[in-house]
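The account below begins with the core and then turns to the strands.

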Amino acid sequence: MLKITLVKSPIGYRADQRQTLEALGLRRMGQSVAHADTPSIRGLTFKVRHLVRVEEQEGGVSPAHR
């Protein structure tokens with residue numbers, strides 16, 4: 001599992017990067033989401049790596065913490 005946290009505002013960045021954050025489920029500063037560690041999710045996080053913090057987690061995260 002990957003825990004992805006939005007740490008920098010997407011204001012002033014290209015529209016495709018803002019859309020990538022929306023696809024990941026990130027809307028607010030400091031918001032975290034959990035996703036399975038797949039190549040597609042890794043690619044999305046790589047595209048916005050300057051705006052997010054990615055942490056690897058063991059096991060699953062309960063839906064209440066998404």
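In this predicted model, the largest nonpolar core has 11 residues: Leu2, Ile4, Leu6, Leu21, Leu24, Leu26, Val33, Ile41, Val48, Leu51 and Val52. A nonpolar core is here a set of buried Ala, Val, Leu, Ile, Met, Phe, Trp, Tyr and Cys residues joined through side-chain atoms within 4.5 Å, where buried means under 20% relative accessible area with a 1.4 Å probe, protein chains only. At least two residues of this core come from each of β1 and α1 (15-24); β1 gives the most, with three residues. Helices (H or I, at least four residues) and strands (E, at least two) are DSSP runs, numbered from the N terminus.

Contact means heavy atoms within 4.5 Å.

The strands form an open sheet of three, in the order β2-β1-β3, with antiparallel pairing; two strands pair if DSSP finds at least two bridges between them. Because β2 (32-35) and β3 (52-56) stand at the edges with a single partner strand each, one side of each is left without a neighbour in the sheet. From one strand to the next the twist averages 20°, with axes fitted to C-alpha atoms, for helices over the stretch in contact, and angles running from 0 to 180 degrees between N-to-C directions.

Four bridges join β1 (residues 2-6) to β2 in the antiparallel sense, and Thr5 has Ser32 in β2 as its bridge partner. Helix α2 (residues 39-47) lies across β1, β2 and β3, at about 25° to β1.

Residues are numbered from 1 along each chain as its sequence is written. As the model is predicted, local features need pLDDT of at least 70 and side-chain atom pairs count only at pLDDT 80 or more, while totals for chains, interfaces and linings use all residues, and side-chain values use heavy atoms, with hydrogens and water left out.

Technical notes
Buried means under 20% relative accessible area, exposed over 50%, partly exposed in between (1.4 Å probe, protein chains only).
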